[in-house]
Amino acid sequence: MSEERFGEFVLVRRHGYVAELVLDRPKAMNAISTAMAGSIAEACAALAADRDVRVTVVTSSHERAFCVGADLKERNSLSDAELVRQRPLARAAYTGVLELPMPTIAAVHGFALGGGFELALSCDLIVADGTAVVGLPEVSVGVIPGGGGTQLLPRRVGAARAAELIFTARRLAAPEAAELGLVDVLVEQGQDREEALALATRIAANSPIGLRAAKRALRLGHGLDLRAGLEVEDAAWRSVAFSGDRAEGVAAFNEKRKPEWPGE
């Protein structure tokens with residue numbers, strides 16, 4: 001296992017073909033400061049450019065929180081002009097996770113609130129343990145979910161449910177979050193990271209070219225009418241149909257062996 005640090009608050013660990021992006025600002029329960037946002041964006045740019053990464057898992061080094069959202073202490077000290085300048089840096093952190101080209105999994109325990117939950121929503125799958133508490137409470141402090149929450153949450157749970165959750169600013173414990181589809185896999189307390197990494201390892205056994213193309217088709221096709229969506233799917237299929245991974249996958253199936261993906 002190798003490690004690389006991005007700034008003071010983000011760590012990337014490599015577990016073979018799986019990358020673990022660790023939110024590592026434990027003294028502030030991973031509250032996202034300007035510096036931390038920049039580090040998340042920087043780490044995501046490096047991961048996006050690494051063709052050896054087949055799956056990324058976002059985890060936390062804090063035992064009682066995934067991420068409590070924006071650093072409101074820092075925000076309180078910013079002038080209006082400084083807040084305007086900070087906005088693109090904050091957005092880059094969320095879009096960095098959202099636009100990772102490989103499958104992504106969030107491993108959530110404890111508090112995942114506001115921007116913290118938006119980081120999780122930016123992933124393809126969310127694994128949560130029994131201590132998880134999630135929510136988008138931004139309207140309770142005079143703003144709105146600005147890290148993708150107003151767009152990502154309704155894509156998970158529908159417009160009316162998302163409206164209720166955002167308008168009330170309420171927090172949901174793990175069982176209700178799982179019941180409503182805010183998280184995808186509910187595990188025993190303390191098992192979120194282990195289960196997310198295990199799931200990532202299972203996913204990473206598949207074709208890296210196929211995984212990225214499937215994610216592209218899922219993301220680009222969402223919200224389109226069926227005919228347009230099928231065109232997106234066809235374009236993604238064509239991008240892999242003549243790849244080395246496709247040739248190896250078919251050969252391995254016929255030869256009854258595990259494929260050795262060339263990743264091209």
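# Sheets, cores and selected side chains

Val-127 has Val-185 of strand β11 opposite to it. The model in which this pairing is found is a predicted one.

Strand β8, residues 125-129, pairs with strand β11, residues 185-187, through three bridges, and the two strands run parallel. On β8 there is also a parallel pairing with strand β6, residues 104-108, in this case over four bridges. One of the bridges in that pairing joins Ile-105 to Leu-125 of β8. How far is strand β8 enclosed by the rest of the structure? Of its five residues, four are buried, and β8 is therefore largely enclosed.

These strands belong to an open sheet of seven, in which the order is β1-β2-β3-β4-β6-β8-β11 and the pairing is mixed. At the edges stand β1 (2-6) and β11; each has a single partner strand, so one side of each has no neighbour in the sheet. On average, and with direction ignored, neighbouring strands of this sheet are turned by 20 degrees against each other. An antiparallel pairing is found between β1 and strand β2 (residues 10-15), which are joined by five bridges. Within that pairing, Glu-3 has Arg-13 of β2 as its bridge partner. In general, the strands of a sheet pair through backbone hydrogen bonds, in either the parallel or the antiparallel sense.

**The four-stranded sheet**

A further open sheet consists of four strands in the order β5-β7-β9-β10, again with mixed pairing. Which strands stand at its edges? They are β5 (65-67) and β10 (172-173), and because each has a single partner strand, one side of each is left without a neighbour in the sheet. Strand β5 runs parallel to strand β7, residues 111-113, with two bridges between them. Ala-65 is found opposite Phe-111 of β7.

Nonpolar side chains in soluble globular proteins tend to be buried together. In this model, the largest nonpolar core has 47 residues, and the members that touch the most others are Phe-66, Phe-117 and Leu-153. The element that gives the most to this core is helix α1, residues 34-48, with six residues. With residues up to four places away in sequence left out, the contacts of Leu-153 are Phe-117, Leu-121, Leu-136, Gly-158, Ala-162, Leu-165, Ile-166 and Leu-182. Another core, of 14 residues, lies apart from the largest one; its members include Ala-107, Leu-197, Ala-204 and Leu-211.

**Aromatic rings and charges**

There is one aromatic pair in the structure. It is formed by Trp-237 and Phe-242, whose ring centres are 6.3 Å apart; with the ring planes at 75 degrees, the pair is edge-to-face. Two arginine side chains also sit over rings. The charged end of Arg-54 is placed over Tyr-17, at 3.5 Å from the centre of the ring. Arg-25 is found over the face of Phe-9, and the distance to the ring centre is 5.1 Å.

**Local backbone and exposure**

Most residues other than glycine have a negative phi. Asn-30 has a positive phi, near 65 degrees, and is placed in the loop between β3 (18-23) and α1. Is Asn-30 buried or exposed? Its relative accessibility is 0%, so Asn-30 counts as buried. Lys-256 likewise has a positive phi, in this case near 55 degrees. Lys-256 belongs to the segment after α11 (244-254) and counts as exposed, with a relative accessibility of 76%.

Leu-218 is part of helix α9, residues 208-221. Although Leu-218 and Ala-236 are 18 residues apart along the chain, their C-alpha atoms are separated by 9.7 Å.

The relative accessible areas of the residues discussed individually are set out below.

| Residue | Relative accessible area | Class |
|---|---|---|
| Asn-30 | 0% | buried |
| Trp-237 | 49% | partly exposed |
| Phe-242 | 72% | exposed |
| Lys-256 | 76% | exposed |

Methods
Residues are numbered from 1 along each chain as its sequence is written. This is a predicted model: local features need pLDDT of at least 70, side-chain atom pairs count only at pLDDT 80 or more; totals for chains, interfaces and linings use all residues. Side-chain values use heavy atoms; hydrogens and water are left out. A nonpolar core is a set of buried Ala, Val, Leu, Ile, Met, Phe, Trp, Tyr and Cys residues joined through side-chain atoms within 4.5 Å. Buried means under 20% relative accessible area, exposed over 50%, partly exposed in between (1.4 Å probe, protein chains only). Contact means heavy atoms within 4.5 Å. Two strands pair if DSSP finds at least two bridges between them. Rings of Phe, Tyr and Trp (its six-membered ring) pair if their centres lie within 6.5 Å; planes under 30 degrees apart count as stacked, over 60 as edge-to-face and the rest as tilted. A charge sits over a ring if NZ of Lys or CZ of Arg is within 6 Å of the ring centre and within 35 degrees of the ring normal. Axes are lines fitted to C-alpha atoms, for helices over the stretch in contact, and angles run from 0 to 180 degrees between N-to-C directions.
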